[in-house]
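Subject: Structure handover

Hello,

Here is the structure for you to look over. My notes follow below it.

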Amino acid sequence: MSEKFPRSTFIEESKIQGHSDDFIRLTLEYIDRLEHNGLPVIFSLKHLGTILDIDVKVLKEYTQNRDRYYGRFKLRKKGAVTGKLEFQTHN
């Protein structure tokens with residue numbers, strides 16, 4: 001994700017919603033750490049849906065019914081007697 005989080009919009013909306021300056025500062029520090037580490041800024045399932053342009057109901061369906069959408073399989077680790085790795089794939 002190459003787009004930066006819209007800081008000014010976040011600050012304006014946070015003030016409108018009555019969040020304290022401390023809340024805003026701490027959240028911006030958290031955002032900075034995520035971006036510094038190349039991680040996306042996602043605060044909720046609704047926020048993720050907005051980013052991906054997917055209805056939040058669809059995301060909830062995926063997360064609440066994983067077995068319907070993902071398959072699982074195990075592979076024996078090379079050279080291991082009992083160790084196995086488990087993988088999950090999208091159906």
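**Overall layout**

The chain has 5 helices and 2 strands. Keep in mind that this is a predicted model. Along the sequence, the elements run α-α-α-α-α-β-β. The chain is 91 residues long, and 15% of these count as buried. As for range, take the contacts with a separation of 6 or more: residues 24 or more positions apart account for 15% of them.

**The α1 and α2 pair**

Start with helix α1 (residues 7-16) and its packing on α2. The angle between them is about 155°, and the axes are 10 Å apart. An angle over 145° counts as roughly antiparallel, so that is how α1 lies to α2. Their crossing is right-handed.

Which residues in α1 meet α2? They are Arg7, Phe10, Ile11, Ser14 and Lys15. On the α2 side the partners are Asp21, Phe23, Ile24, Thr27, Leu28, Ile31 and Asp32. By class, this contact has 6 nonpolar, 2 polar and 4 charged residues.

Leu28 touches Arg7, Phe10 and Ile11, leaving aside residues up to four places away in sequence. Arg25 also sits in helix α2. Its relative accessible area is 38%. Arg25 and Ile11 are 14 residues apart in sequence, and their C-alpha atoms are 9.1 Å apart in space.

**The core**

In soluble globular proteins, nonpolar side chains tend to be buried together. The largest nonpolar core in this model has 7 residues. Its members are Phe5, Phe10, Ile24, Leu28, Ile31, Leu34 and Val41. Which helix gives the largest share of this core? It is helix α2 (residues 21-36), with 4 residues. Phe10 and Leu28 are both core members, and Phe10 is one of the residues that Leu28 touches. Phe10, Ile24, Leu28 and Ile31 belong to the core; these residues are also part of the contact of α1 with α2.

**The α3 and α4 pair**

Next come helix α3 (residues 45-52) and helix α4 (residues 56-64). They pack at an angle of about 115°, with their axes 9 Å apart. How do α3 and α4 lie to each other, roughly parallel or roughly perpendicular? They are roughly perpendicular. α3 passes α4 in a right-handed crossing.

From α3, the contact takes in Leu45, Lys46, Leu48 and Gly49. From α4, it takes in Val56, Leu59 and Lys60. By class, that contact has 4 nonpolar, 1 polar and 2 charged residues.

Please check Asp53. This residue lies in the loop between α3 and α4. Is Asp53 buried or exposed? Its relative accessible area is 71%. Over 50% counts as exposed, so Asp53 is exposed.

Best wishes

Technical notes: Residues numbered from 1 in each chain as written. Predicted model: local features only at pLDDT ≥ 70, side-chain atom pairs only at ≥ 80, totals over all residues. Heavy atoms only, no water. Axes fitted to C-alpha atoms, helices over the stretch in contact; angles between N-to-C directions. Parallel < 35°, antiparallel > 145°, perpendicular 65-115°, else oblique. Left-handed = near helix turned anticlockwise from the far one by under 90°. Contact = heavy atoms within 4.5 Å. Nonpolar A, V, L, I, M, F, W, Y, C, P; charged D, E, K, R; others polar. Core = buried A, V, L, I, M, F, W, Y, C linked by side-chain atoms within 4.5 Å. Buried < 20%, exposed > 50% of the residue type's maximum accessible area, 1.4 Å probe, protein only.
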